Every structure is written in C-alpha cells, then in structure tokens.
Amino acid sequence: MDIKAISAAQKYSAAIPAVTPDENASAFMKDIALDFADTLARGEHTAKDSMIGDADPHALVQALAQTELVVETAVAVRNKVVEAYQEILRMPV
Amino acid sequence: MSDFSKALDVSSSGLRAQANRLRHLSENISNADTPGYRRKLVSFQTAFSLGDAPAEVKTGRVHLDQSELEKVYDPAHPLADDTGQYDGSNVNLLIELADAKEAQRSYEANLKMFEQTRKMSSGLLDLLRR
C-alpha cells in the first residue's frame with residue numbers, strides 16, 4: 001500500500017512538466033494571431049482598393065483566397081481547442 | 001508563408017501576365033486599321049526571386065514588330081504618296097486571334113491551378129474538422 005502511494009506521487013511529479021504552460025508556446029501563438037490579423041487586414045485593404053478601382057481583380061481574388069484559407073484554419077484550430085477544453089470539463093473527478 | 005499561399009501567388013502572377021498579354025493583343029486588333037501601326041509583341045520572363053521565393057512570371061518589355069507594313073492602295077487617302085499608296089499596319093487579325101486563344105488557354109490553366117490549390121488546402125483543413 002505504501003509503495004503504491006509513493007509511485008503515485010512520483011507519477012504525479014513526473015506529469016507536472018507536461019501540463020505546465022510553456023512560455024515559448026504563448027509567444028508562438030501570439031505570432032500566429034498577429035499573422036492572422038495581418039492577412040485579414042490585407043484582404044480588407046485590397047477589397048477596399050478594388051472597390052475604388054485601384055487594385056486589379058487578380059490581387060483581390062488572391063487576397064480573398066488567402067483570407068479564406070487563414071480564417072478556415074483559425075476556425076478549425078479554435079474548434080479543436082474548445083473541443084479539448086470540453087473534454088477536460090467532462091472528465092470525472 | 002506556406003507552400004499553398006506561394007502556389008496561389010504564382011498562379012495569380014500567371015493570371016496577371018496573361019491578362020496583360022490579352023490587353024496588348026486587343027490594342028493590336030483595335031489598331032489594325034491605323035496607318036503606320038506596328039503590332040506589339042509581349043514576352044514573358046521569370047520575375048527576379050531570391051532563395052526560396054516562388055518563381056513568378058511577369059511580362060517583359062513590349063517590342064514592336066519590325067516586319068514590313070502593309071501597302072494599301074488608296075489615292076484619295078491624305079497619307080497616300082505619289083503612287084497612291086500608304087503604309088497600313090502590320091497587324092494580321094488571324095495571328096492576333098490565334099494568340100488570344102492561346103492566352104485564354106493559358107489563363108484557364110492558371111485558373112485551374114488556383115482552384116486546385118484551394119481544393120487541396122481546404123481538403124487538408126477538413127482533416128482538422130473531424
């Protein structure tokens with residue numbers, strides 16, 4: 001019984017680093033978010049330009065396709081994160 | 001930048017180049033009856049790219065076709081010389097139309113690549129949705 005308790009404590013301390021937040025990861029996510037916002041802003045800018053008649057339609061189509069790709073990626077990643085969070089919430093304690 | 005967005009960049013540079021070519025072709029066709037007009041020739045070249053940057057295409061400098069101008073006989077024309085002839089343009093409508101068809105085909109090929117890239121990237125994202 002004693003030995004089991006010790007090994008459980010050891011397992012717990014071994015698992016701690018896996019669940020502590022990583023400093024680098026947050027910087028990485030920040031970069032991704034900034035890139036996302038940048039692409040979105042560029043798409044909007046090109047759309048505005050082409051409505052005034054400034055940009056050529058190819059640039060518009062390209063920028064919008066890029067934006068669509070980025071938004072879809074962001075939505076897919078967000079859904080995955082929310083799903084993982086809900087999975088944790090459903091965990092029997 | 002991912003390979004998908006690079007592929008999109010290259011495809012849209014191809015689209016732009018073909019549109020530019022079509023523009024010069026239509027200039028040639030609309031000036032077919034202009035006296036002394038020399039048809040414009042568009043050349044394609046790879047845009048300067050460094051390292052891993054995609055090799056985009058662009059249209060180079062426009063050249064004028066130096067072949068002989070067509071002689072048109074019309075003594076009543078203000079430009080006519082002593083023999084009653086004046087220099088027409090050297091535009092051959094048949095060549096221009098064939099060139100336009102080729103531009104259309106290349107444009108379609110680039111469009112197809114654009115579509116293909118989008119399809120592949122959204123297929124990849126579909127994996128995440130499951």
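Helices here are DSSP runs of H or I with at least four residues, numbered from the N terminus. Strands would be E runs of at least two. This is a predicted model: local features need pLDDT of at least 70, side-chain atom pairs count only at pLDDT 80 or more, and totals for chains, interfaces and linings use all residues. Residues are numbered from 1 along each chain as its sequence is written, chains are lettered from A in the order in which they are written, and side-chain values use heavy atoms, leaving out hydrogens and water.

**Stop 1: the largest pocket**

Select A:Ile32, A:Asp35, A:Leu69, A:Val70 and A:Thr73. Of the 21 lining residues, these are the closest to the centre of the largest pocket. The pocket holds about 720 Å³ of space. A pocket is an open set of points on a 1 Å grid over the protein atoms alone, where a 1.4 Å probe fits, with protein on both sides within 12 Å along at least five of seven lines; lining residues have an atom within 4 Å of a point. The volume is the space filled by probe spheres set on the points, which are joined across faces, edges and corners.

Now colour by helix. Helix 2 (23–52) and helix 3 of chain A, with helix 1 and helix 2 (93–129) of chain B, each supply at least two lining residues. Helix 2 of chain A gives the most, with seven. By class, the lining has 13 nonpolar, six polar and two charged residues. Ala, Val, Leu, Ile, Met, Phe, Trp, Tyr, Cys and Pro count as nonpolar; Asp, Glu, Lys and Arg as charged; the others, Gly among them, as polar.

**Stop 2: helix 3 of chain A on helix 1 of chain B**

Select A:57–89 and B:3–30. These helices pack at about 165 degrees, with axes 9 Å apart. Axes are lines fitted to C-alpha atoms over the stretch in contact, and angles run from 0 to 180 degrees between N-to-C directions. The pair is therefore roughly antiparallel (over 145 degrees). Their contact (heavy atoms within 4.5 Å) includes A:His58 and A:Leu69 with B:Phe4 and B:Ala19. It has seven nonpolar, five polar and two charged residues.

**Stop 3: helix 3 of chain A on helix 2 of chain B**

The axes come within 9 Å and cross at roughly 10 degrees. That makes them roughly parallel (under 35 degrees). Among the residues that meet are A:Glu72 and A:Lys80, with B:Tyr107 and B:Arg118.

**Stop 4: within chain B**

Show helix 1 and helix 2 of chain B. Their axes come within 9 Å and cross at roughly 165 degrees. They are therefore roughly antiparallel. Their contact divides into 18 nonpolar, nine polar and five charged residues.

Conventions: Angles under 35 degrees count as roughly parallel, over 145 as roughly antiparallel, 65 to 115 as roughly perpendicular and the rest as oblique.
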